[in-house]
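Good morning, and thank you for the time.

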Amino acid sequence: MMLLACFACACGCLSLSLLRKRHRKEMFIQRRVWSTRVLQLLKCFGLLCLAGSLMAFIVVKGVALGLVYSLAGFTLIALSLSVLLSVRPRWTLRLFGGLMLLLMMRLLVGGAW
Amino acid sequence: MKFRHSMTWLHTWAGLVFGALLYLMFVTGSAGYFDLEITRWMQPEIPVQQSSFDAPALLPKAEQRLQQLAPHADHVYIELPEGRSPYFMIWWHNPKGVDNPGWHSEVLDPSSGAPVAVRNTAGGEFLYRLHYVLHYIPKGLAYWLTSLAAMFMLVAIVTGVVIHRRIFKDFFTFRRSHRQTAWLDMHNLMGVLPLPFHLMITYSGLILLMFSTMLPVPASSFGLNPEKLRQVYDTVFSDGDHARGNGMAASSLPLVELYNLDHSKHSGATIAYLAVENWGDEKAVVEVGKLAQTGLEPFDVSYYQAVNGESFKGESQLRDRFLSLSFYHVIEHLHEGLFAGPWLRWLYFLSGLMGAGMVATGSIFWAIKRRHAHEKAGLDSRAVRWVENLNVGVIAGLPIAIGGYFLTSRLLSATLENRVDWEMHSLFVVWFVALLHPFLPRRQCDLSQLWAEQFKAAAVVYASIPFVNWMTSEVHLGMSLKYQDWTLVGFDFFALVLAACCAYFVHKINGRQRVSTMETVGVSQ
């Protein structure tokens, strides 16, 4: 559950970071115009993911500790993403895909931490 | 002046005035989250625990030792090597009128229960206390200074949010290409990403010192008499009625029985300590602290009558009665982070370092901006250079000083008189040298060279920590890895990581310097 919460938080951060044209340009080789509707969907998805992550942390750790864990996790993930977007933007999606794969494997092997 | 402009002015000066002090508070406060681990490294005499702790077998030995050493003590405390703590330790308090009044302690071997002679050290506790008590100045003045710094920090945070127009748009932005923008982006990242932590830590810091800095509030009700105020403070933070004995001697149940009783009641919980209030008294109370699994309290505490083992509700009743008191405790726990497990502790540490980074990048950015403005206007930039030098000495100098403190602790003789004081002095001596270094007269020296030199020194200091550990103790990295003593492994490994980071900074600075030299040569040709 904790792993899922972290993953949801990472999803939220990634979606919100894609709202900036600068990050989209750096992350994707093919340049295409993203419609306002897609951007709005991305924003909603990102915020929902963050809310879901917060809820997951609260379910596992209780209200007080869950809130602390959620904010601390968010700080770490957002910092890592910012550094990654600045240093190796093209790696972001690959790394994210790798994380997703790891999570799937972990879920298949048994429970999410 | 427009509102946002005035807020920018306030943000700049609120951050700059106490910049150096805030940096010290953030760095040492962050180190304080690992105070036990640091102390463990500074006391290599503590044996590596090779098997799990056998409390039922070793508790009677600790109790026996207490009876031997402190027959007249009124309070005793046994710390078990569980959770973060590597110590099997006994503490006792002798009341006034008895030989050696006050608190005393002894470390025991966690595998045999035999006393272990450990060196005196200021340990991680010194770094933790340094962030609010400072050093060489009276406690009261230190409280005022650190509270003022926290207040300025709070103002800087709030005004920072106001002046940052694109706070959400720029959330993940770090543009490295342009020097000035890179520093500003780094300052924003370090300030905005852990914003809830920064707000919590400064606000809670202010609340924790309110009894010194907001004295007029209790004084308006209870007067200015210090004794009366002390009484009020003691009443507010007392442990309730059970803390008072009746002076009638009585024999208590062996502590191991109460340990087993509590263990059977709360199966699965890890008991971290046992404390006895009014030891040997008819009203003696045993407090059993277990590592908390949820919530913000570090321990789940149960109380027992020492004479018959009857359990009762203790301190929590008092907290339940006063909402303000429970609020104070929540704030205190959030600030100290004692409830945090290893992962969360590291995140606390990281957020604290980001706070230090925010202050440091803010000061550097201000100096760069000022230099540009001065050069543009053709003004004398000696004052700016002075600030830049100071930045080097404070920002790069403090890590060197802390590293020097660790090394001194190991290199000083274990039997040296006043060694604790010398350990503490060493930190300030090294820091003073690092502060002086940029001001030394030289023929030609640009700022990047100063940064490179200091980071080089820091890299050498931190790289030598595992080496000095290996030279001065038996618990070197190989040994601690073999016995899986993760505290010691973590300390040595983290020192190496820090050394690598500093070496990387030196490499980057030198690279940039080479590029700028080549550009200058190219332009002149």
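What follows is a short account of the model on the screen.

First, the conventions. This is a predicted model, in which local features need pLDDT of at least 70 and side-chain atom pairs count only at pLDDT 80 or more, whereas totals for chains, interfaces and linings use all residues. Residues are numbered from 1 along each chain as its sequence is written, chains are lettered from A and ligands numbered from 1 in the order in which they are written, and side-chain values use heavy atoms, with hydrogens and water left out.

Let me turn to confidence. The predictor assigns the complex an ipTM of 0.89 and a pTM of 0.91. The pLDDT, which is the predictor's confidence in each residue from 0 to 100, averages 89 over chain B, where 95% of the residues score at least 70. For chain A the average is 87, and 95% of the residues score at least 70. Helices here (H or I, at least four residues) and strands (E, at least two) are DSSP runs, numbered from the N terminus. Among the elements of chain A, the highest mean pLDDT, 93, belongs to helix 3 (residues 36–61), and the lowest, 82, to helix 5 (residues 91–110).

Next, the interface between the chains. Contact, meaning heavy atoms within 4.5 Å, involves 25 residues from chain A and 26 residues from chain B. Buried area is the accessible area (1.4 Å probe) that two parts lose on being put together, summed over both. Between chain B and chain A it is about 2100 Å², with carbon and sulfur atoms giving 73%. On the chain B side, B:Phe172, B:Leu193 and B:Leu344 lose the most area to chain A, and together they make up 31% of what that side buries.

Within chain B there is a division into domain 1 (3–38 + 126–207 + 341–517) and domain 2 (46–117 + 241–317); the bounds come from an automatic or database domain assignment. The C-alpha centres of these two domains of chain B are 39 Å apart. Nine residues of domain 1 of chain B are in contact with six residues of domain 2 of chain B. About 730 Å² is buried between these two domains, and carbon and sulfur atoms give 57% of that area.

I come now to the aromatic residues. Rings of Phe, Tyr and Trp (its six-membered ring) pair if their centres lie within 6.5 Å; planes under 30 degrees apart count as stacked, over 60 as edge-to-face and the rest as tilted. How many aromatic pairs does a search of the whole structure find? Over all chains, the search finds 33. One of them is the tilted pair of A:Phe28 and A:Trp34, at 5.6 Å centre to centre and 40° between the planes. Another joins B:Phe34 and B:Trp346, which is tilted because the planes are at 50°, with the ring centres 4.8 Å apart. That pair links distant parts of the chain, 312 residues apart: B:Phe34 is in the loop between helix 2 (19–32) and helix 3 (35–42) of chain B, and B:Trp346 is in helix 15 (residues 342–377) of chain B.

For accessibility, buried means under 20% relative accessible area, exposed over 50%, and partly exposed in between (1.4 Å probe, protein chains only). B:Phe34, at 13%, therefore counts as buried, while B:Trp346, at 40%, is partly exposed.

One aromatic cluster in chain B is formed by B:Trp41, B:Phe126, B:Tyr136, B:Tyr405, B:Phe406, B:Phe428 and B:Phe491. Within this group, B:Trp41 carries the charged end of B:Arg410 over its ring, 4.2 Å from the centre. Such a charge counts if NZ of Lys or CZ of Arg is within 6 Å of the ring centre and within 35 degrees of the ring normal. In chain A, A:Arg88 lies over the face of A:Trp91, 5.4 Å from the ring centre.

B:Tyr136 also deserves a remark on its backbone: this residue is not a glycine, yet its phi is positive, about 65°. B:Tyr136 is placed in the loop between helix 5 (123–133) and helix 6 (139–163) of chain B, and its relative accessibility of 53% makes it exposed. B:Asn418, likewise not a glycine, has a positive phi of about 55°.

Finally, B:Val76 belongs to strand 1 (residues 75–79) of chain B. Is B:Val76 buried or exposed? At 2% relative accessibility, B:Val76 is buried. Leaving aside residues up to four places away in sequence, its contacts include B:Leu66, B:Trp91 and B:Trp279.
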